[in-house]
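Please open the structure in a viewer and keep the selection panel at hand.

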2 protein chains.
Amino acid sequence: MALRFAIMTALLDDEMSGYDLARAFDKSLGFFWHASHQQIYRELKNLSERSWVAHRAERQAGRPERHLYHLTPAGRKALDAWVLQGDRMRLQESKDELYIKLYNLSEQNIDYLAGRLVARREAMMERLYLYERIRRRHYADPHSLPLRRKGVYLALLSGISQGRQYLAWVDEALEILAGAKEELPASAVSIDPA
Amino acid sequence: MALRFAIMTALLDDEMSGYDLARAFDKSLGFFWHASHQQIYRELKNLSERSWVAHRAERQAGRPERHLYHLTPAGRKALDAWVLQGDRMRLQESKDELYIKLYNLSEQNIDYLAGRLVARREAMMERLYLYERIRRRHYADPHSLPLRRKGVYLALLSGISQGRQYLAWVDEALEILAGAKEELPASAVSIDPA
DNA sequence: GCTACCTATGCAATATTTTGCATAGTATCT
DNA sequence: AGATACTATGCAAAATATTGCATAGGTAGC
């Protein structure tokens with residue numbers, strides 16, 4: 001349901017192709033709602049049938065045609081109505097397998113899990129770097145933004161603040177894991193005079 | 001896929017009924033992986049077919065029978081193996097419609113969206129309170145915990161830290177929205193001498 | 001007595017998401 | 001020359017998740 005409206009939201013400013021949208025959903029909007037290109041093409045088809053979006057073809061030399069989608073007035077109206085519609089407030093559940101795996105922490109998997117945490121830290125740092133760049137480039141002076149852009153800015157702030165919090169948590173978690181490992185009996189490696 | 005293992009994880013300590021699991025997924029484990037009772041019963045059936053869990057019936061006076069599930073040795077083995085298996089690291093996307101709605105911030109919906117933020121703050125404060133209570137009750141001295149419980153503690157820490165971050169963000173967002181509203185021309189309410 | 005909610009289980013339909021496949025030309029690296 | 005990656009679109013199947021319904025007795029408040 002929401003993906004439909006996320007796509008329309010992305011079309012508020014510019015017309016975009018399915019491919020463009022797929023890339024947009026790898027970035028800013030995708031931080032809040034991920035979608036694969038297959039999903040996007042299917043939704044675009046659905047939205048076209050509803051006449052909430054329409055497209056024009058753009059021929060390119062050598063390459064496949066781009067179908068550039070844009071909001072219709074009916075789509076714009078539907079989007080505006082959706083924003084004001086009831087809100088199933090599921091408080092964010094950070095759906096990451098790693099948490100479940102942490103519930104299974106053991107001597108056998110502690111190194112593996114610590115490694116996965118490090119990988120997440122790196123990925124998050126990269127993303128955080130991207131967001132900070134966007135912030136500096138487009139939201140350096142939030143006070144002067146038009147109202148709608150202030151909303152986007154709030155979402156961006158949430159991403160940045162979540163990212164920083166996540167990095168701090170990973171670091172703390174790694175420290176605790178390192179401490180726990182030291183206390184472990186060096187059983188497997190010990191030269192046991194059998 | 002992961003729900004299967006989340007359920008097995010919950011069965012590590014105690015045997016539980018589907019109903020018990022459903023309630024557990026409203027609390028601690030559910031912060032990381034939500035599941036409805038229908039899903040849980042289906043997975044339990046599936047897990048039984050794989051012989052990864054087994055159950056015994058417990059008759060109760062007046063009430064329906066409870067089917068108490070427990071891990072089998074094969075289930076335990078499968079769980080241990082899963083923890084070490086490849087990890088599709090999708091960095092958490094806070095899948096909340098509200099972010100998309102914020103991208104559509106306008107004079108028409110600013111009050112509504114601010115109200116939804118307040119509702120989220122209240123819900124998060126309640127949850128945070130629950131987590132802090134769990135922390136004080138069961139994880140007051142994290143250093144002395146056995147290894148596996150330290151993993152659970154890390155997940156709990158993540159929940160607490162995310163919750164606090166979220167509250168701080170909501171407050172900042174509400175302030176920015178309040179500031180933005182003040183700057184708005186008082187168009188709709190003004191006594192316009194037509 | 002009626003209403004609402006809790007314990008306790010589960011089926012079925014629908015909606016959403018993921019994964020695999022398919023096509024086709026261009027560009028870049030080795 | 002061949003491998004890999006990028007632009008660009010889309011179908012189909014499988015896995016997951018949500019929503020509605022169904023049963024059945026117990027407890028608590030009005």
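**Before starting**

The structure is a predicted model, in which local features need pLDDT of at least 70 and side-chain atom pairs count only at pLDDT 80 or more, while totals for chains, interfaces and linings use all residues. Residues are numbered from 1 along each chain as its sequence is written, and chains are lettered from A and ligands numbered from 1 in the order in which they are written.

**Stop 1: chain A as a whole**

Select chain A, which has eight helices and two strands. Helices here are DSSP runs of H or I with at least four residues, strands are runs of E with at least two, and both are numbered from the N terminus. Along the sequence, the order of elements in chain A is α-α-α-α-β-β-α-α-α-α. The radius of gyration of chain A is 23 Å, well over the 16 Å that the globule rule gives for 194 residues, so chain A is more spread out than a compact globule. That radius is taken over C-alpha atoms, and the rule is 2.2 Å times the number of residues to the power 0.38.

Of the 194 residues in chain A, 32% are buried. A residue is buried if 20 or more other C-beta atoms lie within 10 Å of its own, exposed if 12 or fewer, and partly exposed in between, with C-beta atoms placed from the backbone. Among the contacts in chain A between residues at least 6 apart in sequence, 55% join residues at least 24 apart. A contact requires the C-beta atoms of two residues, placed from the backbone, to lie within 7 Å.

**Stop 2: the side of chain A that touches chain B**

Now display both chains. How many residues of chain A are in contact with chain B? The contact joins 59 residues of chain A with 59 residues of chain B. On the chain A side, the elements giving two or more residues are α1 (2–10), α3 (28–32), α5 (73–83), α6 (97–102), α7 (110–138) and α8 (147–183). Ala, Val, Leu, Ile, Met, Phe, Trp, Tyr, Cys and Pro count as nonpolar, Asp, Glu, Lys and Arg as charged, and the others, Gly among them, as polar.

**Stop 3: α1 and α4 of chain A**

Two packed helices are described by the angle between their axes and the distance between the axes. Select α1(A) and α4(A), whose axes come within 10 Å and cross at roughly 85°. That angle makes α1(A) roughly perpendicular to α4(A). Show the side chains of Leu3(A), Arg4(A) and Ile7(A) on α1(A), which make the contact with Gln39(A), Ile40(A), Glu43(A), Leu44(A) and Leu47(A) on α4(A). The residues of this contact divide into five nonpolar, one polar and two charged.

Axes are lines fitted to C-alpha atoms, for helices over the stretch in contact, and angles run from 0 to 180 degrees between N-to-C directions. Angles under 35 degrees count as roughly parallel, over 145 as roughly antiparallel, 65 to 115 as roughly perpendicular and the rest as oblique.

**Stop 4: α1 and α5 of chain B**

Move to chain B and select α1 (residues 2–10) and α5 (residues 73–83), whose axes come within 10 Å and cross at roughly 120°. Hence α1(B) is oblique to α5(B). Phe5(B), Met8(B) and Thr9(B) in α1(B) meet Gly75(B), Leu79(B) and Trp82(B) in α5(B). This contact has four nonpolar, two polar and no charged residues.

**Stop 5**

Select His34(A), in the loop between α3 and α4 (37–49) of chain A. With 16 C-beta neighbours inside 10 Å, His34(A) counts as partly exposed. Leaving aside neighbours within four places in sequence, His34(A) is in contact with Phe25(A) and Glu93(B).

Next, select Pro146(A), in the loop between α7 and α8 of chain A. Pro146(A) is exposed, with 10 other C-beta atoms within 10 Å.

Finish at Ser51(A), in the loop between α4 and β1 (53–58) of chain A. Ser51(A) has a positive phi of about 65° although it is not a glycine. In chain B, Ser51(B) has a positive phi of about 60°.
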